[in-house]
Every structure is written in structure tokens, then in C-alpha cells.
Amino acid sequence: MVTSYRFNVPRLVIAAPSSGSGKTTVATGLMAAFSERGLAVSPHKAGPDYIDPGYHALATGRPGRNLDAFMCGPELVAPLFAHGAAGCDLAVVEGVMGLYDGAAGRGELASTAQVAKLLRAPVVLVVDASSQSRSVAALVHGFASFDPQVRLGGVILNKVGSDRHEVMLREALEEAGMPVLGVLRRAPQVATPSRHLGLVPVAERRTDALASVSALAAQVRAGCDLDALMALARTAPPLDCEAWSPAAALTRSWGGTSASPAFEARGSGGSAPGNGAAPADLGGAPGRRPVVAVAGGPAFTFSYAEHTELLTAAGAEVVTFDPLRDEALPPGTSGLVIGGGFPEMYAPELSANEPLRAAVAAFAAAGGPVAAECAGLLYLGRSLDGKPMCGVLDADARMSERLTLGYREAVAVSDSALAQAGTRLRGHEFHRTVIEPGAGAAPAWGFTHPERRVEGFVQQGVHASYLHTHWAAEPSVARRFTEAAAARR
């Protein structure tokens, strides 16, 4: 018997012709403005970006969640959306890049347009109108007609210079039959600061970020027709999908994976559980759950909400600590997760916390399971921009002029506490640092696309790499890591 699931929540996708048009301004402002009306607003971000969801969470009081069709697969976009939006009155999805821009060389894959189609959601196009008047109609017409399956429900005009400018823009779009749902004037006072990898994360400027979000809400309230936008959101039809569940995902992730012929899978000979093993019951009596310490604070802000949910569902007690402030790992730590962020901005402070660096080094030396991504990789090295780090890895990192950015297809080269050799995952790189050497004797990943190379480090219980991954795509890694932590209780 086939079970039918009908999930219905009003929803909008906020898109733009290109990056820099004002998607984050509008999406965050809308989330905050509707939340101020007393609505439960579910915030989402298309693509892999970690920073914008922090502002979304601040605007709504709910976790910002990513919808990435490349890393998780198109089939998980709607279930992950339904998981995040359950019980909400409205969902707002901020797009990525231009509406039709996706993974390089992969057509519409991972584009905002694909996400909108998978969610059957109307699209609101945010247009930077600062250097055009009647031509805006031709631009919008092109985006509306390029893919008939993408339903463009209206336009919000951003960076409008004057009343006269607004009149010209409205007349042109009326002639094209496209509703104008909002007009925002130039407002540099609500701009959020940025640096080499985008906006400054909320955790680094919380007080100022709250003020920025409040100002964005006021700007959107003044310039947008919230009632018309809500009416448009309600035109989204029901989705036929089952909401993603971390517990169900772990159950369904049983089963082995096969190694890629492009790389030799290296077995460690260790006792870490394989992907094909049935999950153990780690619940037990109170206090018996393995403690997995997750790095947080201003230096380590990059994390997907589903990772913590999967670790918890797998049986872990997740405890957050701040490497800038805490001088010891949480009591009873038996697993350590150090995700992405901006350690290069805090290298002196991280280095000065010698007690914690020593604790991390001792934990790793004793074989404790450690999963480190990007910033975590840098923190585990000998040094970062000349400042001593944990010294777990015989590698040194430094800032670079070159931005490394893009999706990757990867296969685990070596058995580790995180992944069995041969496990395939898709992820992304996003950093302006380099580490030398770039791979250890037992590399973490072999990249199969867009280039072929090995990367990262596996030694004892440590898995460290530049690659950001989304564990919802392969929940077995959370189960495997939790089991490795449980073995050390």
C-alpha cells in the first residue's frame, strides 16, 4: 500500500537576477516583518551558505535551514523543507545567486529555480533597479518566460532612487503585466558588514545584528505589500511528500556503500563500525548517552541544524563549547565535532587558549573520534598564520589571496570514525586559506569532480578536511560517529 502525504504551508521563494541584488535584505526583512505580526515563520536558504541562515534565525526565532539539491539530492529538498516548516504559518526561502544559476556545468541543478519547482512555490524577484527604468520590464519578462515551470508571482524593486524613478519602473512593469509587490529605497544604514567570505556571522556581532534585522523589518514593512505577499504565498499548492525525520533517516541509511574506482579505499583495520552495521541502541539509562562536544562561538559558526539532530537521534548528548572562552572540553566528552567558521579572524585568541588546545591534542592522541571541517581542520594543525594551534596534524595553514569555492563530488579514501572507505558524498569548499601539506598519508577524501585529487587527513580517530558536507545526504556518518564516541565512554 502506498501512503500519501500532503504537506501544505504558505511559502515564497525570494530570488534575483544576480547576486548583490538584495535577496538577503528582502528575505530577512520579510521573515522579521511577518514574525512581528505574530506568525510562525520558517526560514530557509537555497544552496550551501551558512551565514545568511544565522540572520534568518535571528529574524524568526527558528533554526535557519538549507535546501541544497546538489549536496542532498533533489529528492530531499521537499522533505527537508517540510521538516523545517512543520507547524508554521509561512515559509520564506532565500535563493542563491541568480534565479537560474546552479552547479557549474549541471544545468538547473541546485539553482533557486529548481528549488522553487521542487517546492511548487511562487517566486518573488528582487531587482536592483538603481541603473534602469523601462528596461526593467524586459529584464523581468526574460526571467518570467525562460522556464514556464517557474511561477514568477511578482517583483520587489530595490535601490529605487526617487518618486519619479519609482513611477517609471511601475509603469514599465504594469505594461509587462507583472505585479510590483514592494519598492525599497536606497538605505545604506541597514546594510550588514561583509568580508572575504560574505556577511559577518551573527555570532560575531549579535547586538548589531539584532539592530540590523529590526531595521530591515521596518524597511520591508514600509516598502512592501505584506498582505499581497501573504496572499501570493497561499497560492502554493500542497506538497506530496513525507517530512524528513532524523530518526527515520538513520534507519533508512542502513546498507553499505561501494568504493569509487578512481581511488583506492584504504581500510584502517580499526574497530569503527561500518556503514552496513545495524544501529546500536545507545539510549540506555540517563547519563549513558555519549557526549559529543560541538565547537561553537564566534570562531566556529558554520553548521547545519540537521547535524545536531542526527547526532541526537543516533544516541548522542550534544554539548556546545566555545574554543575562544572555554579552557576545557565539556565533561565526559567522547566525541568532538569542529565545524567551519572564521578561525583566521581569531587566530591570536584561539592560540592564547593553551589549556583547550592541549585538551584537544590529548583527546586526539588518545584516539578520540574527531570530525573537523574547514575551520576545524585549521584549528587542528600546527599553526595558522604563524600562531600555534592544536598540533594534532603535522600541517600549517595561512591566509591566501585565492578564494577556493565550489561543489565537489567525493569518496572516502580511508576508513575513519566519520565514514567507511568508499562512502560517497557531495559537498562544497569555501575558504581563502591553504594548508600545507593538503593531505596526509591517509587522505580523508578523493575528489572525483570537478577535479581529481586527494585531500584531508585521517589519523587515529581524526577525520579532518576542507570539505563541508550535509549529513542528511548520508545519515550513516552520524550513526558511525556516535557509535565511535559511545565506544569511548
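## Strands and how they pair

Helices (H or I, at least four residues) and strands (E, at least two) are DSSP runs, numbered from the N terminus. Two strands count as a pair if DSSP finds at least two bridges between them.

This is a predicted model, in which local features need pLDDT of at least 70, side-chain atom pairs count only at pLDDT 80 or more, and totals for chains, interfaces and linings use all residues. Residues are numbered from 1 along each chain as its sequence is written, and side-chain values use heavy atoms, leaving out hydrogens and water.

## The whole chain

Let's start with the overview. The protein chain holds 14 helices and 22 strands. Of its 489 residues, 57% are buried, meaning under 20% relative accessible area with a 1.4 Å probe, counting protein chains only.

Now find the open sheet of six strands, which run in the order 11-10-12-13-21-20 with mixed pairing. At its edges lie strand 11 (317–321) and strand 20 (457–459), each pairing on one side only. On average, neighbouring strands here are turned by 15° against each other, direction ignored; the axes are lines fitted to C-alpha atoms, for helices over the stretch in contact, and angles run from 0 to 180 degrees between N-to-C directions.

Look next at strand 20 and strand 21 (residues 462–465), an antiparallel pair with three bridges. Val458 has His463 of strand 21 as its bridge partner.

## A helix on the sheet

Helix 14 (residues 476–486) packs on this sheet and touches strand 10 (291–295), strand 12 (333–338) and strand 13 (370–373), where contact means heavy atoms within 4.5 Å. The direction of helix 14 makes about 145° with that of strand 12.

Methods. Buried means under 20% relative accessible area, exposed over 50%, partly exposed in between (1.4 Å probe, protein chains only).
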